[in-house]
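Here is a short tour of one structure, written to be read with the sequence and the 3D view side by side. Have both open and follow along.

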Amino acid sequence: MTRFSLGLPALFAMLSCAAAPSSQVVSETSGTGGAGSAPVVMQQVGAHTPRLTRKEQVKRILPHNVRLALVEEGKAKRTASGVVIGNEKTAEGLVSYVLTNAHAVEMDDLKDPSLVVIVDDRADSTEYGAQVVATGSVPDMDLALLKVPGLSLAPAQLAADSELELGDDVVVAASPFGRALSLSGGMLSQVEWDKESKKPRMVKTDAPIGYGASGGGIFSLETGKLLAIVEGYRTAKVGFAVAEQNYSFDVPMPGETFAAPSGKVRQFLQQKGFARLLGGTAGTGPATDGSQTASR
């Protein structure tokens, strides 16, 4: 057996080389080309972008949402919620478009109503006059589009049909009872698919909501995209007796909040002549850039 003896300087040099970091690994191999062929360079792949925290994602979602009020003689007669879906630059300035429910903006029972969009910023609230420019038929297409001059909030990005997955974590942003914006969390508890069109027809979430949440947005906590617009919820009547008097009231049923999926929103905008607000989103495949700003 032959033994090799290394001096201390050589030993330290070997240890230093072994410990030194390297971003590239070069391997010189003689493949079919024989000796002298080009070295194979192996590079380390960078780490993936970390997923946003729940708080970070919610901060991105909040600016898309507003609350609505039908006002008559200085009093709010009806309240609802809405989501900014697009902007336009016009000769008069910036105009935003807000999605809500058709039943929320019905005014036949009011004499001289005005529609107001309200944006809350902590203790401050700013009101904008709004105009209904498109409505669907209730209950098949319970959606309405409002035109709001002067409103400059970022529009939400519509999710593609393929992004509606059962069990996805969601957050509902709405303004129940006409109060400031409120959040509730849950999951996408049902996706009902249309057998003919092969597209989502209705979705449900188990996130709790209250009266006035109609028109609110259901957003994905993973992507921040708009999955659906709240249409309503099923209720159960609860009755009780006090001093020989009978009382009853309706309470929302858990897991029975139903909504119009993003595909139905896309169809509504296309049918009503507002496809330009959809930007580059096609609808069935992965959505592209979230910008939905048009110029006229």
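Strand 3 and strand 6 (114-121) each supply at least two residues of the lining of the largest pocket. The model is a predicted one, and in it this pocket has a volume of about 320 Å³. Its lining is made up of 13 residues, and those closest to the pocket centre are Leu62, Asp120, Asp121, Arg122 and Leu181. Which strand gives the largest share of the lining? That is strand 6, with 4 residues.

Strand 3 also has a place in a run of paired strands. Its partner is strand 4 (residues 75-90), and the two are antiparallel, with 8 bridges between them. One of the residue pairs to look for is Val71, whose bridge partner in strand 4 is Ala76. The two strands form a hairpin with 2 residues between them, and Glu73 in that turn has a positive phi of about 55°. Strand 4 then pairs with strand 5 (residues 93-100), again in the antiparallel sense. Here, too, a hairpin makes the link, through 2 residues, and Gly86 stands opposite Tyr97 of strand 5.

The two pairings are set out below.

| Strand pair | Sense | Bridges | Residues in the hairpin link |
|---|---|---|---|
| Strand 3 and strand 4 | antiparallel | 8 bridges | 2 residues |
| Strand 4 and strand 5 | antiparallel | 7 bridges | 2 residues |

Is His64 buried or exposed? Its relative accessible area is 11%, so His64 is buried, as this is under the 20% cut-off. The His64 side chain reaches the backbone oxygen of Arg60 at 3.3 Å. Leaving aside neighbours within four places in sequence, His64 is in contact with Gly82, Val83, Val84, Ala154, Pro155, Ala156 and Phe219.

Take Leu269 as an example of the contacts made: not counting residues up to four places away in sequence, Leu269 touches Ile85, Leu145, Phe274, Ala275 and Leu278.

How many of its 10 residues are buried? The count is 7, and helix 3 is thus mostly covered. The buried residues are Ser262, Gly263, Lys264, Val265, Arg266, Phe268 and Leu269. After the helix comes Gly273, which has a positive phi, near 85°.

Why does Ser262 count as buried? Its relative accessibility is 1%, and buried means under 20%, so Ser262 falls within the buried class. Not counting residues up to four places away in sequence, Ser262 touches Leu158, Ala159, Ala160, Asp161, Leu164, Leu226, Leu227 and Ala228.

Technical notes
Residues are numbered from 1 along each chain as its sequence is written. This is a predicted model: local features need pLDDT of at least 70, side-chain atom pairs count only at pLDDT 80 or more; totals for chains, interfaces and linings use all residues. Side-chain values use heavy atoms; hydrogens and water are left out. Buried means under 20% relative accessible area, exposed over 50%, partly exposed in between (1.4 Å probe, protein chains only). A polar contact is a pair of N or O atoms within 3.5 Å; within protein, one must be able to donate a hydrogen and the other to accept it, and residues adjacent in sequence count only if both atoms are side-chain atoms. Contact means heavy atoms within 4.5 Å. Two strands pair if DSSP finds at least two bridges between them. On a 1 Å grid over the protein atoms alone, a cavity is a set of points where a 1.4 Å probe fits but cannot get out, and a pocket is an open set with protein on both sides within 12 Å along at least five of seven lines; lining residues have an atom within 4 Å of a point. Grid points are joined across faces, edges and corners, and a volume is the space filled by probe spheres set on the points.
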